[in-house]
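This briefing goes through selected local features of one protein model.

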Amino acid sequence: MHNRLLVARLAATMTVVGVLLHAGSAYGSPAAIMADTPNDSSLGKALWVATPEVTLPPAGVPTDYNRHLGRHPQPPSGVHVPAPKDRPVIVEEEGHADFTHQDNMPKKGSIRSAVAPGYQYTAPVLKGVVSALDPNKQSPLNSNAGLAFSSTASPYKPNGKLFDTSAIKTPLPTNKWWLNLVIEQGIDPIHPYPYVVKCLANASTVGFPKFQATATAMTSNMVSDWQIGDSTGALTQRLVTAYDALGVQVEWSGSNSNTKMAARFYKGLPFITYEMTNMAPVLSTIHAILKVEQLGLTVSSYGANSAGNATRLAKEIAEHPSLTQVTLNDGSQWLLVTKPTIQWKQTGNSQLTPATSTASFTGILQMAHLGDNPSSNVNVLQAYAGTYPTEGSVTYAKILNKQGVGRSADIVYFYKTNTDGGGDTSMIYSTRSVPTSMQLLTFMLPHHVDLLTNSSILSPGLSGYRSAKGPLTAVAGNIITYSQPLDGTQSFEGQHAMSASEKESIQRQLYVDIATNTNVTAPDPYFFGKGIAKIARLYQIAQELGDTTSAATLRDKLLGYMKPWLVTRTNSDPLVYDTTWGGVVSTAGLADPSADFGQGRYNDHHFHYGYHLYAGAVLAKYDINAFAPLREPLSQLLRDYANPSYADSQFPFMRHFDPYDGHSWAAGLFTFADGRNQESTGEAINAYYSAYLYALALGLQDTADFYEIVLNMEATSGRRYWHPTQAQAKAQFIAPFTHNAVGILWASKADYATFFGANPEFIYGIQMIPFTPATRLLLAADWVKEAWCPDGTSCSGGMKPAAESANKNGWAQFLYTALSVVDRNTALANVGTCTPDDGNTLTNALHWIATSGQQLVG
């Protein structure tokens, strides 16, 4: 595996959780191997999944604890995986050992395994899953032909004082949620929901944001409630030393090499955890401390479910971390967890230090806010205290139904923890007999909860925790799976066929647009990309109409515009490969961070290059020979923003996409106190739709399957957070911020505005463009109907008055096109009276209404 930013000393073979289409790498590497197992043709393909090498049980774990790495029979910690009708059947065979070596995979239907002493395991044969795309191998998009663009170094250099340059090397991440840690001075906060964290040179701060709203924005106060440091001042430097698919690791050190502190930050954890070595810990708060109370555990509070395990639990309680509840004068209460025990004493009004002189504490400190119901939340939190993640990964598994069609995908978040044999093995506890202190407690976002079964959710749970996306819901378990629906209708064509009369009207308009609306003069990657994608849409429509003459004309236009950018590179703002960060950027953007929408600092690459890839995909589908000279540069643009391989030495893995939030982040190498952001979900959808089509056109089915899953994840989050129904907006945001559209969503706030204005037509329209068959993923009929006229009368705040006030411009045309999902007659009566946007044509609007809008009956 190409480790680059991944720290070797943390490396351990990662468990392949469930069946892999693709795995986001942890600090180790996944494996998925097809086997010649007996196949039930009604269930699709059979896939064997490798499990890690044998490891001994951790000390103190009773040997009668069952463990199970199969996804479906009994997921970890009592978390039940969703069971849609098309979920594959599990066939179990008795009497097989706990782990299967990666080099001892099943042969011809037999099961060979290595035994982990003291454990019983039932080995599943998982069926109905597509073959694996291994992210630790080179992507088929990478031909190893060398760079297609000239190389140059960015004048904007990484701050080597903020990360471990011996472990973190090019290609560097540029859009991760935690990027504030490694750009500029590294002092702006990061947002591991539900907290806000700063990592200073000598300390870390933790805050519990309080959200408030106006009609135009929902914001958070981002106060640093606590500072965690060393009372002797021994910590003087902090570095980002590693990251994985879900989180980041930060370490503090100083002149005394024996004094250290480390933390791994992940989103959705009730506890913020610090590992301390030879420290004299001191906790300072900006509030006055009103009360410090040492808590005790009993067998009943710890969760004994029978008299038979009370003795065992009593022993475990004696080994449980110590718990301290602290009340502050802002009304908040916090739980402090330490292991080994620290008895905290108050020093002055706002400081806690160990009651006994502890100049060399080595152990863990955890902090958790007690939400809006401290008496209930503390009972839940104390049961899970002491366990924290040491590695995180994500797998994407496309599930086939009985007809062999993929209509869902399992998205699996897998965490190794410190209780899994010391945090460096792949031992996952999955039965209810495992004490909660060895289980991981996590939070899920609203879109996760939509796709989880009710039994997945902890009860009693935790209340009073939220993010900018809404309330957080507690789930227990190292492995959390949700079922992502796959639309299944995405292709080059729309969702339904054109009628004969529609073909005639679209054909007439096509002739007009070819003659009047196919000039592309924009010098920058974004507007140039919109221009060529507009022509590619016309090319696609001409092919669907069977108009080979127009198709040939449009093909030649596309090639004429694209070759100077991608082959001869004679355009005025040529693309170059940046050797400093590892990506393709514009020359103007490299020289000026404000040029080309921040292109040289990796802002919006998925928006920009998604248009280029759409044009390339259409060319590849209909004329592979004409496309051939463009293949390598276009594949490199795709690898720039959506690289599916960790083994790529030129581009980072999936530059923009965040698998926990289920959507992409823009912003690039710009620091914002509110964290990362994304404005245009429509263009993010287009980026992965184009990637999907491109892989399909090149016959790369496994790669296309992966992009299809990412596309549908992006659309799910887009609908939930940028296109909420009124019921969703009221549930996830704070009144009076309850719109049917969000303009910009940040890690810690939401804006009813865009970067280019606050007109409602901008806010609605930027979440839709460009109109392709994939736009239908965002435009649910119930949402369009409600958003058009939210109150049913005056339509205040809706798309209807926004479209009317837009004065027949391109934004109005977008909104009327969207209306066709529920009212095609009104849409058709208005789109032709609007002047198209520079990335759109009336031909495309008419075609979209015909093939993706409300379907005619009869």
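Helices (H or I, at least four residues) and strands (E, at least two) are DSSP runs, numbered from the N terminus. By that numbering, proline 171 sits in the loop between strand E6 (151-152) and strand E7 (196-199). The model is a predicted one. It contains one disulfide, and an open sheet of eight strands is also present.

**The eight-stranded sheet**

- The strand order of this open sheet is E12-E13-E14-E15-E22-E19-E18-E17, and the pairing is antiparallel.
- Strand E12 (237-243) and strand E17 (289-295) form the edges, each pairing on one side only.
- Averaged over the sheet and with direction ignored, neighbouring strands are turned by 20° against each other.
- Six bridges link E12 to strand E13 (residues 247-253) in the antiparallel sense. Within this pair, arginine 238 is opposite tryptophan 252 of E13.
- Helix H3 (residues 374-384) lies across E17, strand E18 (322-328), strand E19 (333-339) and strand E22 (361-369). The angle between H3 and E19 is about 20°.

- Strands of a sheet pair through backbone hydrogen bonds, either parallel or antiparallel.
- Strand E16 (residues 281-285) and strand E21 (residues 351-354) run antiparallel and are joined by two bridges. Leucine 283 has leucine 352 in E21 as its bridge partner.
- E21 also pairs with strand E20 (residues 344-347), again in the antiparallel sense, over four bridges. Here lysine 345 faces threonine 353 of E21.
- E20 and E21 make a hairpin with three residues between the strands. In this hairpin glycine 348 has a positive phi near 70°.
- Proline 281 belongs to strand E16. With a relative accessibility of 1%, proline 281 counts as buried, because the cut-off for buried is under 20%.
- The C-alpha atoms of proline 281 and leucine 365 are 9.2 Å apart, while the two residues are 84 positions apart in sequence.

**Cysteines**

- A disulfide is a covalent bond between the sulfur atoms of two cysteines.
- In this model the disulfide is formed by cysteine 789 and cysteine 795, with 1.9 Å between their sulfur atoms.
- The torsion about the S-S bond of cysteine 789 and cysteine 795 is about -85°, so this disulfide is left-handed.
- Cysteine 789 counts as buried at 17% relative accessibility, and cysteine 795 is buried with a relative accessible area of 4%.
- Two further cysteines count as buried: cysteine 199 at 2% relative accessibility and cysteine 834 at 7%.

**Helix packing**

- Two packed helices are described by the angle between their axes and the distance between the axes.
- For helix H7 (residues 548-566) and helix H10 (residues 624-642), the axes come within 10 Å and cross at roughly 50°. H7 and H10 are therefore oblique to each other.
- The crossing in which H7 passes H10 is left-handed.
- On the H7 side, Arg555, Leu559, Met562, Lys563 and Leu566 take part in the contact. They meet Ala626, Leu630, Pro633, Leu634 and Leu637 of H10.
- Helix H19 (residues 842-851) is mostly covered, with 10 of its 10 residues buried. Among them are Leu842, His847, Trp848 and Ile849.
- The buried residues of H19 pack against helix H5 (500-516), helix H6 (525-545), helix H17 (810-819) and helix H18 (824-831).

**Backbone exceptions**

- Most residues other than glycine have a negative phi, and most peptide bonds are trans.
- The peptide bond between threonine 170 and proline 171 is cis, its omega being near 5°.
- Lysine 339 and proline 340 are likewise joined by a cis peptide bond, with omega about 0°. Proline 340 is in the loop between E19 and E20.
- Arginine 569 is a residue other than glycine with a positive phi, near 55°. Arginine 569 lies in the loop between H7 and strand E30 (575-578) and is partly exposed, at a relative accessible area of 30%.
- Alanine 667, although not a glycine, has a positive phi of about 80°. Alanine 667 is placed in the loop between strand E33 (663-664) and strand E34 (677-678), and is buried with a relative accessible area of 3%.

Note on methods
Residues are numbered from 1 along each chain as its sequence is written. This is a predicted model: local features need pLDDT of at least 70, side-chain atom pairs count only at pLDDT 80 or more; totals for chains, interfaces and linings use all residues. Side-chain values use heavy atoms; hydrogens and water are left out. Two strands pair if DSSP finds at least two bridges between them. A disulfide is a pair of cysteine sulfur atoms within 2.5 Å. Buried means under 20% relative accessible area, exposed over 50%, partly exposed in between (1.4 Å probe, protein chains only). Contact means heavy atoms within 4.5 Å. Axes are lines fitted to C-alpha atoms, for helices over the stretch in contact, and angles run from 0 to 180 degrees between N-to-C directions. Angles under 35 degrees count as roughly parallel, over 145 as roughly antiparallel, 65 to 115 as roughly perpendicular and the rest as oblique. A crossing is left-handed if the near helix is turned anticlockwise from the far one by less than a right angle, and right-handed if clockwise.
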